[in-house]
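The following exercises concern a predicted model. Each sets a task and then works through the solution in steps.

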Amino acid sequence: MSASPALVCRVCSDRSSGKHYGTVCCDGCSCFFKRSIRKRAVYSCISGQGGCSVDKARRNWCPFCRLQKCFLVGMNAAAVQQERGPRKGRKMVPPQKVQPRRVSLSDGLSVQILSQVLMACIRQVRHNEHFAIFGRAQQNEILRHVWYECFLLRVANWSIDISSLVERCCDGHLRSVMEDIKALRVDLIELSLLETLILCRKEFALSAREATQLEQFAERALVALEPTAALPAPARLGKLLLGLRTVALRFNEFAVRAMLREVISDDGLALETILAKL
């Protein structure tokens, strides 16, 4: 009797024994996914970019990107939540009954993923070439005021398509904001410069010296943005700046807080904890 062809894990390309949680994957990725969902783990990308390689040799390097890959290939958190106790001795749920990517918001899956995206966003902005020169205290003071602006800008321009999460989690107002930002079709240079304009706000400076530095960096970013904006059309710079104003609407913070209420509490204490960790 001929041996059946080897199955390959869709997450890390290691050998697989079959389907777990709706997708062909190895035991290692299956256990990682189950543990992450049951513990409601919140990871952040080790590179701050959200695009780490996930293969057999490097699957343990970045849990954030590994979990993103699990969701991307269709692993189903609902199947984890339906389990009761160890699987040994029980009948497995037939794979064809698993419905990947059809998890309700009440399950917390979509919010969990966006919470991880928030962590990655904070890690990314700390590596902004201008923002990075400031001390931790000054960075945190600014982020307390503009974290949601960075989050919206990054989510609208995330490295992988997370539009389904936006549709599932965001209210009508936030979806409209996201659509406006995506419509700008910014490149990586423009994204970095727009982020600098969000971060370098002298009104949040802790000293006169830092206020001067923040103002200078914002002016440099604006000057650098003009040539890139002039390439497609003369009116592009104005559109980009209007896009920033849309992102900065105070109501956006309340909407994002409501969406991430399990992570960002109204009293701000949870945000302080996140800033202290990242």
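**Exercise 1.** Carry out the analysis for Ser13, stating its phi, its place and its exposure class.

*Solution.* The phi angle of Ser13 is near 75°, a positive value in a residue that is not glycine. Ser13 is placed in the loop that runs between strand E1 (7-8) and strand E2 (15-16). Its relative accessible area is 53%; the class "exposed" requires a value over 50%, so Ser13 is exposed.

**Exercise 2.** Describe helix H5 (136-156): where does H5 bend, and how many of its residues are buried?

*Solution.* The bend of H5 is at Val146 and amounts to about 70°. As to burial, 16 of the 21 residues of H5 are buried, so the helix is largely enclosed by the rest of the structure.

**Exercise 3.** Characterise the largest pocket by its volume, its lining and the helices that contribute to it.

*Solution.* The volume is about 640 Å³. The lining of this pocket comprises 29 residues, and those nearest its centre are Arg154, Asn157, Trp158, Ser159 and Leu191. At least two lining residues come from each of helix H5 (136-156), helix H6 (163-169), helix H7 (172-183) and helix H8 (188-199). Sorted by class, the lining of the largest pocket holds 10 nonpolar, 9 polar and 10 charged residues.

**Exercise 4.** How many cavities of 30 Å³ or more does the whole structure contain, and what lines the largest cavity?

*Solution.* The search finds 2 such cavities. The largest cavity has a volume of about 40 Å³. Its lining residues include Leu153, Ile181, Leu184, Val186 and Leu194, together with Leu240, Gly243, Leu244 and Val247. Helix H10 (residues 236-247) gives the most to this lining, supplying 4 residues. By class, the lining of the largest cavity has 8 nonpolar residues, 1 polar residue and no charged residues.

Methods. Residues numbered from 1 in each chain as written. Predicted model: local features only at pLDDT ≥ 70, side-chain atom pairs only at ≥ 80, totals over all residues. Heavy atoms only, no water. 1 Å grid on protein atoms, 1.4 Å probe; cavity = no way out; pocket = protein on both sides within 12 Å on 5 of 7 lines; lining within 4 Å. Points joined across faces, edges and corners; volume = space filled by probe spheres on them. Nonpolar A, V, L, I, M, F, W, Y, C, P; charged D, E, K, R; others polar. Buried < 20%, exposed > 50% of the residue type's maximum accessible area, 1.4 Å probe, protein only. Bend = angle between axes of the 7 residues up to and from the residue.
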